[in-house]
Amino acid sequence: MKKSLILLAIVALFAGCRKETDTFDGVSIQDLYSDFMMLQPFNVSSDSIDFSNGETAVFTALFNKPVNWTLEISGQTSKAKKVITGLSKRIDASNATWDGSTTAFPMFKQEACVVQLLIDGVTDTFQLQTFIKSPKVNEGLVIADYEGGFNSAWTRFVQSGANMDFNIKSDSLCPQGAKYLNMAGTVAWDWLIGLIDYPATAYGGGNTLPLSTNPNNVYFNCLIYGVPNTNESLVLFQFKEDENGDGVYNSNTDDQYDFQITVNWAGWKLVSIRYNDLVSLYNGQPTTANGNATHNPDKIAKVSMLHLANPANGYAHCKIDYLIFTPTPLNP
Amino acid sequence: MNLKKIIFLFLTCCFSLATAIAQQPTTRKVVDFTGGARSVVTNNSLLVKDTVPDTTTVGKNTGGYALVDLGVNIRPNQTTELMGMFRIRSGYGGFWGAGVTFDVRQLWLKGIIGDIVRYQVGDLNLKQTPFTLYNHRADRFDSLPDVFSLQSDIVDYERFYTGNTWRQQGINVDFGLTFAKGIQGIDFTGYVTRMNATDFLSVPDRLFAGFSAIVVQQEGIKLGYNQSSIFDVKGTSAESPSFSNNVQSLTAYFHRTVQNLDLTLDGEAGKSSYADSRFADRDPLEDYFLYGKLNGLWKNKGIGFNVGYINVGPDFRSMGAQTKEIDYSASPEYFNRYTNGQILRPLDLTDLIGNSNLYRTSISDKLMDIQPAINNVLPYGIATFNRLGAFAGFNYIKVKGLRLDVTQYQLREIRGQGTLALKSFSRTDINARFQIGEVLEWKKKLCVHGGVFLQSTDRKGDLAVEDVSLKTTRLQGGVEVEISKGLDLLGGVVQLNSSGSDFIADRDDYTEIDFFERVDYDLLQQTFAGGLRFRFEKNIYICALYQSSRYNDRTKSMPGFTINQFALIYNMTF
Amino acid sequence: MMKRNYIVRILSLLCLLTVRAAVANPDLPENDTITRWSLGNFPKQAQQTFEQLSVSGYYRFVTNYRHFAKDQNGNVLAYPHLQNTPNNIFVGDDSQIPQLSMNISGSLGKRTSFGTDLFMWTPMTGQGEIENVKGLNLGISLYGSYSSDIGDFNVRTGGINWYALTPFTFQTNKGYDRYSIFERNPWDPNTRFIDSRYATFYNVGAINQDERWGQQAFQGIILEGNRLPNDFSGVIMYGKTQLNGGLSPVPNTSFGGKIKKSFQQDYISLNTFNNTSYSDSTERYRAGFNVATVEFKTDIGEVTLKGEVGVGRTFDFNRFNDWGELVSLKASTRIADRVPTELHVFRLSPDAVNNSAAFINTARDLTNYDTYSPGTQPVLPAVASAMVSNGQLVNNRTGFELNTQVDVGPFKTSIGYHLSTELENLSPAITYSHPVNSLVLAHFWRWAFPNDVGPYGNLSKIYRSVYETLNITAVDSISRLPKSRKSFNSLELNMKYNTRLLDRELYVFYLGQYSSSQFFVSPFTVLSEKALLRTYYHQLESYWTISKSVVWCNYIGYERIIANYDTETDVVTGRPKNQTGWSIATGFDIKMSRNAGLYLRQRWMDYKDSSFRNDRYKGYESTLEIKIFF
């Protein structure tokens with residue numbers, strides 16, 4: 001026991017001198033809190049980019065210390081904005097590659113863009129210009145982007161309430177293309193304000209939508225605008241499957257899956273959901289689907305879009321655009 | 001002897017003894033049921049103290065659940081036991097089956113092979129040594145008054161914290177060898193668990209394996225060898241990144257009684273290596289550690305002491321021992337966002353004490369974030385890397401019903417962080433529990449509790465920008481009064497005050513520092529709680545609890561808030 | 001290297017020689033040192049087990065086949081939404097009753113226990129495993145009890161717990177046991193003797209009911225105190241009811257309680273039940289109701305006086321409405337008397353609303369904001385003025401009932417008389433039911449409980465039944481309310497007869513209900529066109545015990561429902577509702593073995609509204625039910 005104690009004391013004494021005086025972990029705090037310097041200028045890989053062809057823009061720069069930086073790419077015509085942020089000493093392909101996508105709607109068009117580099121704690125900004133030869137193309141099945149007006153195969157029902165508007169409109173902030181669907185009105189006796197049915201036959205592929213059989217590889221996306229300072233809207237999508245292939249959706253024997261969105265934000269927002277994550281709802285409550293209870297995106301016979309609002313609240317208003325099925329969540 | 005050899009030895013024993021299974025007598029099937037049930041209903045309110053009145057956040061909510069853990073314990077014979085446990089959970093407010101979930105909470109098989117080797121397959125609660133595999137509970141407020149421990153006990157149950165164990169899935173084997181001469185015997189324990197499964201593309205199967213061999217030379221002298229390794233299994237994914245974290249250690253235990261003084265010397269020393277092929281340009285991180293502790297106890301006087309030494313290298317990495325139980329990036333259970341800007345609400349004491357969603361069940365293969373305002377001295381327990389120093393403690397349990405524990409740590413860094421200057425750390429833990437009822441020989445229970453916990457971190461650099469000074473004070477007190485048989489009145493308060501500044505290291509996936517973020521603290525958190533508890537049986541109680549928790553960031557970086565909670569808890573868990 | 005490998009192998013063999021003498025000790029204690037056997041897998045001790053665990057429940061297989069007939073032109077005689085599917089096979093029961101229900105209960109100590117139920121259901125559509133359903137019907141409840149010198153205490157938490165306070169606070173209507181028992185309820189048990197169900201109904205007046213009878217579903221905590229000092233007892237309850245439940249965190253909450261003082265057989269109690277919900281997303285506006293009552297019972301000579309008197313009010317958007325009175329007083333002679341009689345006087349203000357009470361709200365709408373949370377009923381609308389069975393109270397109503405039973409030889413006759421009138425003129429509609437084909441009609445809409453459906457959008461499905469709404473057209477052009485308050489009359493007659501036929505027990509039951517609603521007060525049911533609505537229901541059923549294992553069941557029902565010209569008329573015929581329904585049915589109860597029964601029913605139905613031509617169906621429904629209790 002005594003020997004052990006002595007041994008331990010010796011070892012502790014020896015190790016107690018342990019101290020590394022010639023090195024330290026991480027970046028120098030003195031550097032971090034010294035003045036900022038740009039060692040390599042801010043640059044872009046190409047001044048004209050064809051995103052539709054898979055090209056990307058790569059931004060580069062080098063600083064004297066790690067900094068929090070922000071790249072803001074602004075479309076001069078569309079007013080679209082893409083924001084890329086990072087914390088590093090170097091900006092390069094690993095952290096600053098742009099595929100033509102958008103952070104704040106609308107989407108980019110064929111247009112000139114201004115790119116600003118902002119650095120935390122640095123008052124100077126760094127700027128360059130580039131041009132979009134052709135904007136990004138999203139792979140998928142577009143259900144509605146309203147650019148061509150109402151498709152004659154769609155069916156529309158609008159309640160006869162007050163201040164009703166269920167029309168395609170256009171304004172400068174339209175998130176995709178030039179047109180969107182405006183949905184507004186007061187219906188004091190019912191939640192439903194209006195609806196549109198998008199039957200599969202409107203898309204030329206037969207009685208069902210030409211989508212993957214795997215519900216994990218099908219995403220439904222749309223862009224919704226919440227109007228500031230109005231009552232909350234609900235947008236309910238119903239995906240009606242024709243499972244027995246008889247050409248019609250039967251509510252007693254076929255599945256219907258629902259996606260209910262409470263529009264509780266202001267401005268345009270992308271909403272995406274995987275088809276396999278949809279549930280059947282009855283009065284907003286999850287229930288068992290009436291068919292085979294299996295998600296079959298390739299058997300969707302009809303997509304119904306309902307604009308709902310609490311009748312006790314009064315006027316409700318929202319906008320919608322770019323209903324699209326994609327294999328991965330839409331990166332617009 | 002390397003790991004492969006030890007495993008070979010291990011498996012040889014197991015394989016040869018497997019024949020013994022067939023010789024076991026067939027016995028009647030025995031099925032037992034185990035588990036528990038719990039019902040919780042809470043009503044919460046949030047008051048935001050912002051410069052602009054918060055008119056956006058919904059200030060009240062309700063929550064809760066009822067659950068049943070139903071375990072089937074099957075013993076097909078005398079040496080085999082099988083456990084499968086379902087969890088059926090129903091959210092508060094869900095009628096006619098709404099909000100019901102079914103889960104398998106645990107499943108394991110255990111037994112004894114040939115009266116010699118104990119094994120368990122499936123879910124395991126594993127612990128090895130403090131530097132190989134160990135849940136240090138570093139940020140758990142384990143010594144809180146009873147009114148708070150009602151909630152933290154539920155967290156322990158939910159997260160399978162059996163003392164200092166981590167929940168693992170794999171196989172564990174224990175057996176012992178006895179010798180006629182030389183040494184009394186050797187105790188072996190070994191395990192292989194799976195940390196993640198392959199995705200067949202870029203993520204390989206990752207295993208965690210380890211063993212300990214403890215040599216019992218004679219009563220009071222034990223020496224051990226321990227090894228733990230996290231490693232990727234090659235060929236299990238298309239890409240073959242390779243990660244490894246190996247720790248080897250020697251442990252020693254000596255015990256002797258000199259007159260009335262019980263002396264125990266306990267220690268562990270070892271080394272670690274950490275490598276990841278994704279970071280081919282980095283050298284493997286290798287370092288060693290040394291830890292020793294001497295305990296003494298005068299049994300007749302009820303006075304005890306301990307002194308210890310910690311030396312853990314800056315590159316010592318042991319994910320099995322350095323995983324934190326709390327994930328500070330997790331979200332609160334309710335009122336996730338607040339203020340008109342709907343910013344994320346910081347975690348407060350109520351969340352840390354009672355929200356099981358913040359706590360991990362298994363070990364992490366990355367260094368987890370620390371929270372300097374809670375624990376800056378030993379954020380990964382005594383396995384915290386880059387610490388050197390000593391500690392000393394004093395215990396007093398002389399008077400019946402009184403227990404006093406005092407421990408003082410004095411530590412410093414071994415290698416600087418962003419500077420050559422080193423931080424020094426000081427921590428003082430004082431905790432007292434006084435069973436007044438026992439002292440006065442009352443039939444009913446009356447217990448008061450108090451604690452003071454002080455931490456400080458200091459660094460003086462060449463330039464003022466490198467200076468660090470952070471102080472954290474935790475004060476707590478509580479009372480427990482039995483007002484009728486089985487009916488207790490509980491009360492308690494915890495206050496946490498953090499002030500000063502430090503740099504938080506932002507680490508990459510190789511656990512090395514990318515960046516330092518300076519954070520200033522002037523934070524006062526207070527939680528008051530009171531309640532009534534009725535104890536039906538041991539561990540079966542119903543409790544009505546009111547708790548008010550204040551978060552006041554005097555630096556104004558986060559708006560302050562107060563959360564009030566009323567909870568009804570009926571707990572029937574073992 | 002070779003040498004080291006050799007040593008390892010030798011060591012392995014040495015181990016094999018020595019380990020047989022060693023026994024791993026599983027029970028070494030834990031301590032805080034490193035090198036003891038405090039490592040490895042935990043816990044080292046065996047887990048505590050339940051003191052007791054029991055599983056009970058039932059399996060119920062039920063399937064229907066329905067067929068609609070065609071008229072001479074080949075048109076299917078069914079509602080429009082069923083025109084394309086005249087034949088229908090349905091397996092299961094869509095009224096929230098599963099095929100396999102298991103009640104699991106366990107206790108961890110002598111004074112504590114828990115219970116849960118697990119159901120499994122397969123729709124048998126041929127899809128197999130993917131369509132099968134599992135879940136909990138009632139959820140998880142925890143119970144505890146404690147006895148002390150100051151009283152006995154019981155606590156139940158979680159839920160759903162079935163519970164009742166008083167009729168005006170928290171209860172459902174129990175009624176006067178006048179109903180048809182030809183159709184089996186999902187909860188009807190298998191009895192030891194195959195004809196016990198009918199014998200009990202004949203002898204006692206009520207068949208075996210499950211625990212929910214008269215009780216409401218509640219989730220939260222219920223604390224009972226019994227045998228308190230000075231003969232006091234009490235209840236406190238806090239949580240959610242099914243109408244203001246929901247999984248969302250919006251704190252919609254109900255609370256209530258009772259303090260009761262007993263005087264041997266008599267008692268008086270103070271009772272309350274309250275609900276607070278939120279009517280906006282920021283939870284700044286509350287909606288709900290408060291009810292407070294006194295309930296009492298006392299015997300005065302041969303007469304038992306029992307009643308409940310109280311007040312109730314609603315609030316919405318933080319605006320508190322006026323209090324309204326709730327009065328229900330019953331004076332009865334003893335049930336053991338030859339002609340037991342009960343006089344029931346009631347008055348329920350339209351301002352008093354309680355969706356968890358035994359009375360129906362026909363006066364005020366209540367709104368929750370928490371509209372689309374699973375398990376929530378968003379708006380709790382007042383139903384229109386309802387024509388209901390005796391004993392069923394509704395608010396905005398005052399009147400009295402007289403119920404008696406006359407036993408003469410093998411004849412037992414239960415008679416009920418009802419007269420009531422509205423307190424305020426609030427509703428331009430009347431609701432009524434179709435008891436003759438009630439269950440079959442409910443099967444027209446599976447799974448859901450839709451409102452305002454049917455060929456004219458005036459049918460609403462509720463649990464295993466359907467009610468119809470009749471709109472009154474004699475209304476004020478501005479207020480759209482009827483020209484005056486409505487009155488209601490009803491006479492119910494339930495005759496029961498028991499004899500032996502071919503030395504086998506025969507039970508014959510007749511149930512007649514004759515009701516009317518009109519703009520004036522009448523002492524008896526109005527049989528003329530002065531009544532806005534007249535309903536006449538006749539149901540005759542017989543049960544003959546053919547053998548110890550078989551009962552032959554037969555049923556014939558007839559209903560006539562006639563409205564006058566102050567109500568809505570058909571646009572084609574220009575006439576008001578004039579409905580006739582027939583139903584003839586037969587069936588067998590077969591005891592297959594102990595606790596296992598087979599029940600067959602065949603019902604032919606023919607219903608027609610001669611004014612509204614789409615309101616027509618004719619066909620039959622066959623039902624097979626197997627029920628096994630365990």
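This report walks through parts of chains A, B and C of a predicted model.

Local features are given only at pLDDT of at least 70 and side-chain atom pairs count only at pLDDT 80 or more, while totals for chains, interfaces and linings use all residues. Residues are numbered from 1 along each chain as its sequence is written, and chains are lettered from A and ligands numbered from 1 in the order in which they are written.

**Chain B as a whole**

Let's start with chain B, which holds five helices and 26 strands. Both kinds of element are DSSP runs numbered from the N terminus: helices are H or I with at least four residues, strands are E with at least two. The radius of gyration of chain B is 25 Å, close to the 25 Å that the globule rule gives for 574 residues, so the chain is as compact as a globular protein of that length. That radius is taken over C-alpha atoms, and the rule is 2.2 Å times the number of residues to the power 0.38.

How much of chain B is buried? Buried residues account for 45% of its 574 residues. Here, buried means 20 or more other C-beta atoms within 10 Å of a residue's own, exposed means 12 or fewer, and partly exposed is in between, with C-beta atoms placed from the backbone. Of the contacts in chain B between residues at least 6 apart in sequence, 63% join residues at least 24 apart. A contact has C-beta atoms, placed from the backbone, within 7 Å.

**One loop residue**

F279(B) sits in the loop between strand 11 (261-276) and strand 12 (285-298) of chain B. Because F279(B) has 16 other C-beta atoms within 10 Å, it counts as partly exposed. Its C-alpha atom is 9.0 Å from that of D509(B), 230 residues apart along the chain.

**Strands in chains A and C**

Two strands pair if DSSP finds at least two bridges between them.

| Strands | Bridges |
|---|---|
| strand 10 (155-158) and strand 13 (192-199), chain A | four bridges |
| strand 13 and strand 20 (300-309), chain A | seven bridges |
| strand 26 and strand 27 (465-471), chain C | four bridges |

In chain A, V158(A) has G194(A) of strand 13 as its bridge partner, and I196(A) stands opposite M305(A) in strand 20.

Over in chain C, four strands form an open sheet in the order 21-25-27-26, with mixed pairing. Its edges are strand 21 (385-386) and strand 26 (459-462), each pairing on one side only. L459(C) has E468(C) in strand 27 as its bridge partner.

Note on methods
Two residues are in contact if their C-beta atoms, placed from the backbone, lie within 7 Å.
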